[in-house]
Amino acid sequence: MTTTETGITAAADTVGADGPVLEVTDLHVTFPGEPDDVRAVRGVSYQLRKGEVLGIVGESGSGKSVTSLAVMGLLPEGAEVTGSVRLHGEELLGRSDEQLAKVRGKRIAMVFQDPLQALTPVYTVGDQIAEAVLIHSRRTKAQAWARAVELLKLVGIPNAEQRAKAFPHEFSGGMRQRVMIAMAIANDPDVIICDEPTTALDVTIQAQVLEVLKAAQRETGAAIVMITHDLGVIAGFVDRVLVMYAGRPVETGAVDDIYYRGRMPYTMGLLGSVPRLDLGERAPLVPIEGNPPSLTRLPPGCPFQPRCPLAIDACGEREPELVAVPGSDHQAACIRAGEIEANNWGVTDIYPVPEIPEDTIAQVPRADRQVVLDIEGLIKHHPLTKGVVFRRRVGTVYAVDGIDLEIREGETLGLVGESGCGKTTTLMEILELRRPARGRVVVLGRSTDRIGAGERMRVRRDLSVVFQDPMASLDPRMTAYDIIAEPLLAHNHPKDRLRSRVMELLDLVGLSAEYAGRYPQEFSGGQRQRIGIARALALEPKLVVLDEPVSALDVSIQAGIINLLEDLKARLRLSYLFVAHDLSVVRHIADRVAVMYLGKIVEQGEVDRVYGAPAHPYTQALLSAIPIPDPEKERGRSRILLSGDLPSPANPPSGCRFRTRCPKFLTLSEDERTACIDTEPPLRGIGDTDHGAACHYAEEREVV
Amino acid sequence: MTQQAELLVDDQEKGPESEFETPGRWRTVWRQLLKSRQAMIGLAVLAVLFLMAYIGPLISPWEFGEPDFTAFYQPPSPEHWWGTTQTGQDIFTSTMVGLQKSLIIGLLVAVVSTTVAAVVGAFAGYLLGLTDKALMWVTDLLLVLPTFVILSILAPRLDSGSWLIFVVLLSAFLWMVTAKMVRGMAISLKEREYVLAARYMGLPAWKIIFRHIIPNMSSLLIVDATINVVAAILAETSLSYFGFGIQPPDVSLGSLIAAGTRPAPTHPWTFWFAAVLLIVTVLAVNLVGDGLRDALDPRAKARRRKRRRPAPAAAAGPVRPAAGTGRVQGTSEKAAGKAP
């Protein structure tokens, strides 16, 4: 570090090493609106000491991002902000934008969720970092550039000298986020605010970025405010947690206190609703009923009261204050916190645990069950073309390159992988029911390369789909009734029993019949997804294809949908093909799992075997990258970090496709490596089970 | 407004046990249209115009085309309500007869041309491939043909009674630009998940086009239809002005305005009544179009505001606690009272 930076740190130190770096007191943010004001933040207070990491968690709309924008002074003009924000004892609220600009980027820095929007597309990243350096310090351009390169090296960008001259669009998402971090630490700030820094990234990239953040913190000694909805990230990364609900902090304390000794039913419910990567047994998740309240017209009492299983009449009288739990700095805003403490209640004690009926089909041995979906050597290549008038083929995207899958009756197969690995292409190939370019797709014994139109229609009855985005998958101009009735009409369901069937389906997915006449946008996200599921079940299919059905939902809502899917599966003897990038959800719901990498399946087998003892280095890295919402376990884990990004599927590496990023490859001798470079490893069984891995040097290893 | 209030009460009185209303698409649209004040005003004005156009000539003391040799260029009087022309014809009677033609031509042309545009564009955009190539070739061909010349050549050859052919001709030259826009929208709508969902449930392409593609561009289509009403009336007017459109002795607002423009500075009644009626017609059509657009679009702002009051629990409605069986416990007031 150069002298200028130490100067700043020295100035900071004069305030006192023990004093809080950042102190937020009773912060309120209101957005004036018609007919009611939106009270986005209502009384947030926290203190941040030097080098401390504070996590702010909450579901969407809980006010966590608005809080940090208020601290940065980045809220739009119309917002009314009251309270106090002190940086080293200096008040920041009420300062002009010009004065704040001197603080922003120098002493407080921010890392945003979407790094593509936060970087200017027309300047090179080196220029942008150098600019951040120049604004706040007296240096020559050459020095600033050198510093920029140094920072890029620090955040782990290979070839920093050359890459500094590249433009933002030439970087991948993870790399851009690294650039953002480099920019944030350019002036050695005292506080770094990270607003969902890894939400848009894949898990292996998330692990890399979190590592970089940790390194950046070690380097600068800055305090970090980590805003996220991911309870796993919080568990491993922060010292203290602030849980927000409806614009208010409802619980705060050391990370262990919050995770193991929660005193506020909301926090407890939130933790209970997360599917766990590390737990093998299938305990149903604990969903929190209902939806977060609207921030315009809040009832007088505790905002969580309508969803709280412990609510009593007194809860509705006034909003509870944060009260300290004796003997710690743990505070909870619940009038029954003492009772929870005294009785030592856990989440299952206060929340009703839903009952999922026993899956009768599970008792039948797998080999005796009917094969519902059988895919052999499926291939989907997209041509890459160039030119407008004379189109010519310049290459091929190997989106799906020879995969085998098999689903039997009553079984859930989880198909996992990072974005760009070919999961969705596989799904679309199955759903199209067309003759594939190569390979075979057999649905319930009927191969798609031989069926005629009538037969295909019959197959469609048995095969349905639930999409990821519940808003985009429902026609906004049709009522819930029409949406659910559509497949019935398409397959000539008797008209006189149409209505009763729709009502039955609504009931099946837990929606009241009175909602039939409403439009999709009048429902919440979870309810919309229920309509999507009802539509998929309308024709009593045998196989339901689920394309990331819960990834667009908040955790507490997600738990309800997952339970619903499990319940329906057991009751209706469904088989699921469950595509997801969230491996925790897959562990919870799936019986078998297939891991995809660059259009190939690298590992396949029983869920417990694959998660318990993954054999392929990619699966191991993937599983180790996922944070577990359990602070103690998280601290004890070591991550297998993958280097770099997913190679382009248009130009996959020779031999084993994973070798360019493989940690195992690096440990191999020169002779051993030739196998990886020259021959593509087939999916080989491990032991006498049907657990298979496509690696020449597969070796089971526990990583969760 | 009272109608709206009644509907709300109607909604609220239904408990969870009663038959829930699951109105079909068109009934919902019709109801929404009834709630829209501007659409009702527009419809009322249009109805009055139609009534006037058809009843006017009957109650007028003068027959259409009957000259009054005692009154040339007379201003409005009890005798001749809207005055007379140079040849002593009663302006009220002839304007009403002209209005009949203009209304029918305007509305019919708009509906026909927008429908053709929607169907051609949607099929081209959804099916792509050969269908697209063929349909777009026809569209481009019609776009480059000189419309006015063709119309002016064809029009005089038509009998005076065959204004229906005139409608067909006018529509045939109005749909192409819209069809191109519709095609572009259809291509983007085709990728939507709800369209994929419909495809994967086995719906044939034409059904998807009529159920999902076309309704989701209704805003564009309605704006287009409203503009086309105006365009059709004006096209007819200008053709009539040059003597190609409606042939005498038949009249339309266009031919009346054309005839009235010359004496207008000195005898303004020959011009103003027809011109004002044209403007009123266009305004009324616009009002109905706006109302219809909101009624067809459940996302329209005006409509949401109206719905919010009857169903406060809509946004934060009840979801069953868990995936268990059991009945739903409604949290909305109405359900809470009557739930078992």
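A nonpolar core is a set of buried Ala, Val, Leu, Ile, Met, Phe, Trp, Tyr and Cys residues joined through side-chain atoms within 4.5 Å. Buried means under 20% relative accessible area, exposed means over 50%, and partly exposed lies in between (1.4 Å probe, protein chains only). The model is predicted: local features need pLDDT of at least 70, side-chain atom pairs count only at pLDDT 80 or more, and totals for chains, interfaces and linings use all residues. Residues are numbered from 1 along each chain as its sequence is written, chains are lettered from A and ligands numbered from 1 in the order in which they are written, and side-chain values use heavy atoms, with hydrogens and water left out.

The largest nonpolar core holds 76 residues. Within this core, A:Leu152, A:Val241, A:Tyr259, A:Tyr266 and A:Phe304 touch the most other members. Helix α8 of chain A (residues 173-184) gives the most to the core, with 7 residues. Helices (H or I, at least four residues) and strands (E, at least two) are DSSP runs, numbered from the N terminus. At least three core residues come from each of domain 1 (3-238) and domain 2 (245-350) of chain A. These domain bounds come from an automatic or database domain assignment.

Neighbours within four places in sequence are set aside for A:Tyr259. What remains for A:Tyr259 is A:Leu231, A:Ile234, A:Ala235, A:Val241, A:Leu271, A:Pro629, A:Asp630 and A:Pro631. A:Thr67 sits in helix α2 of chain A (residues 64-72). Its relative accessibility is 0%, so A:Thr67 counts as buried. With neighbours within four places in sequence left aside, A:Thr67 is in contact with A:Leu27, A:Val41, A:Val44, A:Tyr46 and A:Met244. A:Gly19 and A:Thr67 are 48 residues apart in sequence, and their C-alpha atoms are 21 Å apart in space.

Charged pairs were examined next. Side chains of opposite charge can pair when their charged atoms come close. A salt bridge is a side-chain nitrogen of Lys or Arg within 4 Å of a carboxyl oxygen of Asp or Glu. By this rule, the count over all chains is 53. In one of these, A:Glu319 meets A:Arg42 at 3.0 Å, N to O. A:Glu319 lies in the loop between α12 (265-272) and β11 (323-324) of chain A, and A:Arg42 lies in strand β2 (residues 38-48), so the pair ties together parts that are 277 residues apart in sequence. A:Glu319 counts as buried, at 17% relative accessibility. A:Arg42 counts as buried at 4%.

A:Glu319 also forms a salt bridge with A:Arg248, with the closest N and O atoms 3.0 Å apart. A:Arg248 belongs to strand β10 (residues 248-254) of chain A and A:Glu319 to the loop between α12 and β11, so this pair ties together parts 71 residues apart in sequence. A:Arg248 is buried, with a relative accessible area of 16%.

A:Arg446 and A:Asp462 meet in a salt bridge of 3.1 Å, N to O. The pair links strand β17 (residues 446-447), which holds A:Arg446, to helix α16 (residues 453-462), which holds A:Asp462. The two residues are 16 apart. A:Arg446 counts as partly exposed, at 21% relative accessibility. A:Asp462 counts as buried, at 13%. A network of salt bridges links A:Arg366, A:Glu406, A:Arg408, A:Glu411, A:Arg592, A:Glu606 and A:Asp690.

Chain B has 15 helices and 0 strands. Of its 340 residues, 48% count as buried. In chain B, among contacts with a separation of 6 or more, 68% join residues 24 or more positions apart. The accessible surface of chain B comes to about 16600 Å² (Shrake-Rupley method with a 1.4 Å probe; for residues, only the protein chains shown count as cover). Carbon and sulfur atoms account for 67% of this surface.

A nonpolar patch lies on the surface of chain B. Patches are made of residues with over 30% relative accessible area and no salt bridge; like charges are joined within 9 Å, and nonpolar side chains (Val, Leu, Ile, Met, Phe, Trp, Tyr) within 5 Å. The patch consists of B:Trp137, B:Val138, B:Leu141, B:Leu143, B:Val144, B:Leu145, B:Val177 and B:Met181. Together these residues have about 740 Å² of accessible area. Helices α5 (129-144) and α8 (176-189) of chain B each give two or more residues to the patch. The largest share, 5 residues, comes from α5(B). B:Val144 lies in helix α5 of chain B. B:Val144 counts as exposed, at 64% relative accessibility.

Note on methods: Contact means heavy atoms within 4.5 Å.
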